[in-house]
Amino acid sequence: MKRTLLAAVALLLSACTAPTVAPPPAPPPAPAPAPGAAAEQGTPGWEITHPGREHAIEGYADRTSALPGDTVRLFVSTTAARFTVTAFRMGSYTGSAARQTWQSGPVPGRVQAPAVVQPPTSTVVAPWQPSLEVPTTGWAPGDYLLRLDGDNQAQQYVPLTVRTPSNAGRIVLVNAVTTWQAYNRWGGYSLYDSPSGRKAERSRAVSFDRPYQARDMQGAGDFSYFELPMVRFAESLGLPLGYATDVDLHADPHLLDGARAVVTLGHDEYWSSAMRANVTAARDRGVNLAFLGGNEIYRHIRFAPTAVGADRLEIDYKSFTEDPAHLTDPMEATPEWRSPPFPRPESVLLGNYYQCNPVHADLVTANEQNWLLSGIVHNGQHLRGLVGNEYERVDLSVPTPRPIEVLFHSPVTCGGKPDFADATYYTTASGAAVFSAGTQYWICGLDPGCPESGADPAVHTAVTAITTRLLRAFADGPTGTTHPATDNLAALGVH
C-alpha cells in the first residue's frame, strides 16, 4: 500500500547588525540537513504504474548500501529487449516524494537463469550475471529507489541506501532491510513460508542475492509502507540526518560515532548480535534512540557471505537446537532473543516488550504531563486506529529499564485476551533518552491520508507534533539530561 506525505519547509533568512565587540570563537558547523529539507523541486511520475506480468522485469543490487561515489552492480532479468534504470532519491521534495538523480541509457535485456533453492536451508538465490553498473558519484546520502523500465512496459524497483560517510551530529535513519528480506517470498521461500504452504519447510536462511517480490513489495522491500512517510517527514524538519541500513549497523561498530540519535522505522524485527551491541553501546555513551515500530529486536539472526559479497546471507532457524551453531557457537544460535537457553529480552533496550498480533485499536493518552505530550494531547484522548498490527507493552516479568514512563496506555484485545499497548520513554545515566512507540502504525500517523486512522486530521496533527518535538530534542544531544524520565508505572497500575 503506497503512503505519501507531502511536506515542504520554507527557509527563513534573517539579518543582524555587526557586533561592537569581538564575538566568541564559532562552534564547529552543524552537519548539513538532508537535500530534500530545502524544499527542492521533486520529480513527478516516479511511481510504478505498469508492474507487468510476474518476472517481466526484476532485479537486485550487489549491496544494500553504498557510500557516495561507489559503483553498484545491478543484476536484472527481463523479457524486454531493452530496459532503462532511473534513480530516484526519496524524501521531502516540493510536489513529489522523489527527485530523479540519474538515468541509464538503454540496456540490453535478457531472461536470466531461474531461481535456485539451496539445501539444506531452502535458501533461494538468483544466480544471475550483472547487467550494468550504476555510478553514485555526486549522489547525496539518502534512500533511493532504482526503477527498472522495460520496453515491454513492465516496471519494478530495486532499493538502495546511499549511506552517510560520517554520522557525527546527525539523527541516523536505519532501513530495516533484514526484516524486508525475512518476509520476501521471491522464489517461493521466506523465513515464514514455502511453496507448499507448510511453514516447517520454510527457509532457514535467506539471501540478498535475489529480487524482492513484485506482489506487495514492487521490488522495494517494505520501504514504501513502513519507512517512506518517516523519511519524508524527518527531512521536512530540516534537521541533520544520516542514512544507513541495519546491515551497516551490523558491519560497522563506528557507524554511530558522534551521532545524536538513532531511529528505527516501522518494522525492525530481525537483529544480529552486533546490531544490538552497537546500538546498546551508542545509548550508553549518550546517543538517543527512537523505536517507531511494534516488534523490534525479536528475531535473532546472524550473517554469512555469499558469492556476491559479505553479509548477504541472513540466517534464522528460529530454534536453538535446530541451528547447527548451538554446538559450536551457542550464543550465536538463532532462537528468538527472549527465548532459552540464553534469554536476552528486547525490553532491556526498548523499555517495552512485544506481545501479540493482529490488533487494531486506538492509541490512548495516559501521561499528558510528559514533555513530549504536554499541550498536544490530553489524558484519555484517543488517537484513532494507531495501535496495530503488532504491539508492545511494559511487562515487569522481564528486565525493564527504570525510571520509565508510559505515555500512551491503550486497551486492546488480541487473541481473545484483553491487554494494553504501551508507548514508553526512559532515560539512562549516560543522558540518552529512549522512546518506543509500541505500535507499527505510528509512522502511518505521519501521513495525512493514513488508512489505519481513517485519515483523521486530529491523529495526523498530534503524531506530527509529538514526533517533531522528539526529533528536535534528540538533535540537540543527550535528551535525558534536560528531560529525565519520571516513573509512572504505579500510577497506571502497571506491575
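**View 1. Tyr183, Asp216, Asp222, Tyr225 and Phe226 lie nearest the centre of the largest pocket, out of 31 lining residues.** The model is a predicted one, where local features need pLDDT of at least 70 and side-chain atom pairs count only at pLDDT 80 or more, while totals for chains, interfaces and linings use all residues. Residues are numbered from 1 along each chain as its sequence is written, and side-chain values use heavy atoms, with hydrogens and water left out. A pocket here is an open set of points on a 1 Å grid over the protein atoms alone, where a 1.4 Å probe fits and protein lies on both sides within 12 Å along at least five of seven lines; lining residues have an atom within 4 Å of a point.

**View 2. The lining of the largest pocket, by element and residue type.** Two or more lining residues come from each of α2 (223-226), β20 (353-364) and β21 (382-393), and α2 gives the most, with three.

**View 3. A three-stranded open sheet runs in the order β1-β3-β9, with antiparallel pairing.** Strands pair if DSSP finds at least two bridges between them. At the edges sit β1 (57-61) and β9 (132-135), each pairing on one side only.

**View 4. Strand β3 (residues 71-78) meets β9 in the antiparallel sense over four bridges.** Zoom in on Leu74 and you'll find its bridge partner in β9, Leu132.
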